Amino acid sequence: MKKYNFNAGPSMLPREVIENTAKQCLEFQDTGLSLMEISHRAKYFQPVLDEAEALIKELLEIPEGYSVLFLGGGASLEFCMLPYNFLIKKAAYLNTGVWAKKAMKEAKLFGEVVEVASSADANYTYIPKDWTCPTDVDYLHVTSNNTIYGTEIRKDLDVPVPMICDMSSDIFSRPIDVAKYDVIYGGAQKNLAMAGVTLVILKTDKLGFAPREIPTMLDYRTHVEKGSMFNTPPVVPIYSALETLRWLKANGGMVAMDKLAKERAEIVYNEIDRNKLFRGTVAEEDRSLMNICFVMNDEYKELEKPFFDFATERGMVGIKGHRSVGGFRASCYNAQTIEGVEALVKCMKEFEANH
């Protein structure tokens, strides 16, 4: 039976990325060694880093003055590193869910944190509107896509202060204006690579102003100066990122990914809205194109587990919603196909017909 991967992360990767990475794990570029055992200092690994960085700059049209880093620790470590390096006195955070709250918690260790707005009152099922960004903060932090709740800020905000964005789960899904951000960061295990590497894009001239001593490994200047090679980088995840970046370029780049994301989401959301059994959980104008969340209508609540079993038997993988929301979540990152979402919709229609 064919499997359709809707996991929220680690998530689906293009098949050719998996195959090409696996091939290099057996023997890397005719060296007689596996990618998993080569030295990161070897002359044949540096070109991997260089090409990956160049492709990121090309695909995202990154202007001069930014550095691209490949780090460890996931977005969760960035929650700490960012205020360590950028919070001088006060920072503003937009609270749109669990990950935004975690980022706020870490920032409070380094200075005053202002919550500019929150959607906690409705379990984060919408993106706050009509909020004002204070002008006396060192930066504004936002989370562009919220995997747990299925909300997304699918535009580049205009704010009067430096902006930092956690784009873990929607980077490379649309064109972005990088110049509007001082830092963009995210774990790679959604749209970029296998788990194990974190992407950070930052303005280098904003470093060095924090009023504190920063441990060497937590200082972005360390990694900028050493080209992501201060310590042993996650070699295999970086290579898988390179393969994904090549795939992205070959398949039309950000414009094509944006078009495909909209097509996939329209197919699934149309069925959610049509089907008598289901309803979406998110304000329509804030629906994520990456993580499509839905539940059973109240009168069919008892059918939740039967539908999960029904869909699982037909090859749907990872559609169970996060425990804090319940229901279902179809994660549709770049590698997800139209065939995959159509297979899910077919399950929903068949189950409706049976009930």
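**Stop 1: charged pairs**

A search of the whole structure turns up 26 salt bridges. Here a salt bridge is a side-chain nitrogen of Lys or Arg within 4 Å of a carboxyl oxygen of Asp or Glu. Side chains of opposite charge can pair when their charged atoms come close.

Before selecting, note that this is a predicted model, where local features need pLDDT of at least 70, side-chain atom pairs count only at pLDDT 80 or more, and totals for chains, interfaces and linings use all residues. Residues are numbered from 1 along each chain as its sequence is written, and side-chain values use heavy atoms, with hydrogens and water left out.

Select Lys-90 and Asp-136. They form a salt bridge, with the closest N and O atoms 2.7 Å apart. Lys-90 sits in strand 3 (residues 90–95) and Asp-136 in the loop between strand 4 (112–118) and strand 5 (140–143), so the pair ties together parts 46 residues apart in sequence. Helices (H or I, at least four residues) and strands (E, at least two) are DSSP runs, numbered from the N terminus.

Is Lys-90 buried or exposed? Lys-90 counts as buried, at 16% relative accessibility. Asp-136 is exposed, at 52%. The cut-offs are under 20% relative accessible area for buried, over 50% for exposed, and partly exposed in between (1.4 Å probe, protein chains only).

Next, select Arg-221 and Asp-219. Their closest N and O atoms are 2.8 Å apart, in another salt bridge. Arg-221 is partly exposed at 35%, while Asp-219 is buried at 7%.

Now pick Lys-301 and Glu-304. This salt bridge has its closest N and O atoms 3.2 Å apart. Lys-301 is partly exposed at 45%. Glu-304 is partly exposed too, at 23%. Then select Glu-152, Arg-154, Asp-258 and Lys-262: salt bridges that share partners join them into one network.

**Stop 2: helix 2**

Select residues 46–59. This is helix 2, with 14 residues. From first C-alpha to last, helix 2 reaches 20 Å, close to the 20 Å expected at 1.5 Å a residue. That expected span is 1.5 Å times one less than the number of residues.

Which residues of helix 2 are buried? They are Val-48, Leu-49, Ala-52, Leu-55, Ile-56 and Leu-59. Look down the axis of helix 2: the buried residues fall within an arc of 135°, so they line one face of the helix. The arc is that of the directions from the helix axis to the C-beta atoms.
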